[in-house]
Amino acid sequence: MPLDRRRFLRLGSTGALAAAVPSWTRAAGILVPPASPVVLSTWDHGLAANRKAWQVLSDGGNVLDAVVEGVAVVENDLGNRTVGQGGRPDRDGHVTLDACVQDHDGRAGSVAFVEHFPNPVRIARAVMERTPHVMLVGEGAERWARENGFAERRITLPGVQAEWKEWTVQKAYQPVVNIENHDTIGQLAVDARGRLAGSCTTSGMAYKVHGRVGDSPIIGAGLFVDGEVGAACATGTGELVIRIAGSHTVVEMMRQGVEPTEACRQAVERIVRRHRDLDRHQVGFLALRADGAFGAFSLRQGFTFAVSDAAGHRLLASEHMG
Ligand code: SD4
């Protein structure tokens, strides 16, 4: 049995309480909520997102409010080239955005391939809360957003357009993640009651094929939250993450008692086993267990993540493959 299981409150396998909880819970134990909230976000810009999420929680907001408004800070930064409307366009010159949220109870909302809205993560939340659906895409998602009070914003950033125009001269279509286009933001949070939520938002890969959607808005790939176990999110080449249902994989391993960092490592390893040429790719996972334990692991060096807890806000470097 993993050492850390000792931190779990064990339930007996018989009796009324045992009968009232699902069988896996009896097997794995019940996780004790952390003494104070824990918030994690991908990459350096995660620090700003974490500060906002922490403020939301301190002001009495719930954990879903925290992860939505946390990443919205990064969406609103028009200097960010990988999230929100400041992101690099697809190969046809359109900036298309993907985002999703999932809450403690597994409710989920998602939008993909949307243009002209500053905060796709807020639309994703509204899809979750106001529709019987999980995912809306493209023109239908945009129409639904307009009808539901989200204001369109049409902006052109001359510098970004100029870079794209320059790219069109060579049209070196390289659907790989490099230093310029890998900084999707995913945010995971647990509060002191043990309530979990997560969010993920991105402009996807620079110069992608028009219509391409990555892992970020796909529940189970870019994000997965299970209130009884924990949450995970992913960053990097979305195609690699989708193929192994990456975030779901990480959470399911934690359900089996695997430590958060090790769960992330095993997901990366699974990707490595299935692909030959990963030289130009990056993939990173972030995991938060329901008791506040957390971890991260990436394919290659350079994946940073922000942590906020009782000890304050800080940036850490993930462990990575050799
Ligand atoms: C995607 N995962 O669209 C995203 C890309 C990214 O950090 O930037 N991830 O595939």
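**Sheet, helices and side-chain pairs**

User: In which sense do strands E11 and E12 pair, and over how many bridges?

Analyst: Residues are numbered from 1 along each chain as its sequence is written, and side-chain values use heavy atoms, without hydrogens or water. The model is predicted: local features need pLDDT of at least 70 and side-chain atom pairs pLDDT 80 or more, while totals for chains, interfaces and linings use all residues. Strands (E, at least two residues) and helices (H or I, at least four) are DSSP runs numbered from the N terminus, and two strands pair if DSSP finds at least two bridges between them. Strand E11, residues 304–309, and E12 meet this in the antiparallel sense over six bridges.

User: Which residue of E12 is the bridge partner of valine 307?

Analyst: Strand E11 runs over residues 304–309. Across from valine 307, the bridge partner in E12 is arginine 314.

User: What is the order of the strands in the open sheet, and what is the average twist?

Analyst: The open sheet holds eight strands in mixed pairing, in the order E4-E3-E2-E6-E5-E1-E11-E12. Its edges are strand E4 (135–137) and strand E12 (312–317), each of which pairs on one side only. From one strand to the next, the twist averages 10 degrees.

User: Which strands does helix H3 touch, and at what angle does it run to E1?

Analyst: Contact is taken as heavy atoms within 4.5 Å, and angles run from 0 to 180 degrees between the N-to-C directions of axes fitted to C-alpha atoms, for helices over the stretch in contact. Helix H3 (residues 46–58) packs on the sheet and touches E1 (38–42), E5 (185–190), E11 and E12. Its direction makes with that of E1 an angle of about 155 degrees.

User: Which residues of H3 are buried?

Analyst: Buried means under 20% relative accessible area, exposed over 50%, and partly exposed in between (1.4 Å probe, protein chains only). The buried residues of H3 pack against E1, H4, E5, E11 and E12. They are Gly46, Leu47, Ala49, Asn50, Ala53, Val56 and Leu57.

User: What is the distance between the end C-alpha atoms of H3?

Analyst: The expected span of a helix is 1.5 Å times one less than its number of residues. The 13 residues of H3 should therefore span 18 Å, and this agrees with the distance between its end C-alpha atoms, 18 Å.

User: Which strands does helix H4 lie across, and at what angle does it run to E5?

Analyst: Helix H4 comprises residues 63–75. It lies across E2 (97–103), E5 and E6 (196–202), and its angle to E5 is about 155 degrees.

User: Which residues form the aromatic cluster?

Analyst: Phenylalanine 305 is buried at 4% relative accessibility, whereas phenylalanine 294 is partly exposed at 25%. The rings of phenylalanine 303 and phenylalanine 305 have centres 6.4 Å apart and planes at 40 degrees, so that pair is tilted; phenylalanine 303 is buried at 1%. The cluster consists of Trp43, Phe294, Phe303 and Phe305.

User: What is the N to O distance between arginine 107 and aspartate 103?

Analyst: A salt bridge is a side-chain nitrogen of Lys or Arg within 4 Å of a carboxyl oxygen of Asp or Glu, and the whole structure contains 18 of them. In this one, arginine 107 is partly exposed at 39%, whereas aspartate 103 is buried at 7%. Their N to O distance is 2.8 Å.

User: How many residues apart are glutamate 239 and arginine 212?

Analyst: Glutamate 239 is partly exposed at 26%, and arginine 212 is buried at 14%. They form a salt bridge with the closest N and O atoms 2.8 Å apart. The pair links helix H8 (238–243), which holds glutamate 239, to the loop between E6 and E7 (223–226), which holds arginine 212, and the separation is 27 residues.

Technical notes. Rings of Phe, Tyr and Trp (its six-membered ring) pair if their centres lie within 6.5 Å; planes under 30 degrees apart count as stacked, over 60 as edge-to-face and the rest as tilted.
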